[in-house]
Amino acid sequence: MTIHFLPPNSDRYDAAVEDAIATCNGDLRGALRALMLVNEQLESELVELQAAMAAFGTVERRTDQSLH
């Protein structure tokens with residue numbers, strides 16, 4: 001019987017770091033810059049989603065109030 005263990009999170013992150021560096025042909029600065037740009041894009045999308053949720057909540061509250 002073979003028992004398989006999931007790798008620790010650090011192994012998963014190490015693999016992701018290695019992938020990012022390899023994608024940038026070994027350029028550490030390029031990999032870091034790419035990750036920072038992706039993070040900036042994700043933060044921007046999060047702000048947009050939060051604004052959409054806030055607007056939806058406002059519309060939903062107005063609709064609920066008009067029904068009473």
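## Basis of the model

Residues are numbered from 1 along each chain as its sequence is written, and side-chain values use heavy atoms, with hydrogens and water left out. Because the model is predicted, local features need pLDDT of at least 70 and side-chain atom pairs count only at pLDDT 80 or more, whereas totals for chains, interfaces and linings use all residues.

## Overall picture

The protein chain has 2 helices and 0 strands, where helices (H or I, at least four residues) and strands (E, at least two) are DSSP runs numbered from the N terminus. Of its 68 residues, 7% count as buried, that is, under 20% relative accessible area with a 1.4 Å probe and protein chains only.

## Helix α1 and its end

Helix α1 covers residues 9-23; its 15 residues reach 21 Å from the first C-alpha to the last, close to the 21 Å expected at 1.5 Å a residue, the expected span being 1.5 Å times one less than the number of residues.

T23 belongs to α1 and counts as exposed because its relative accessibility is 65%, the cut-off for exposed being over 50%. The C-alpha atoms of T23 and A34, 11 residues apart along the chain, are separated by 9.8 Å. N25, which follows α1, has a positive phi near 55°.

D14, found in α1, counts as partly exposed because its relative accessibility is 46%, between the 20% and 50% limits.
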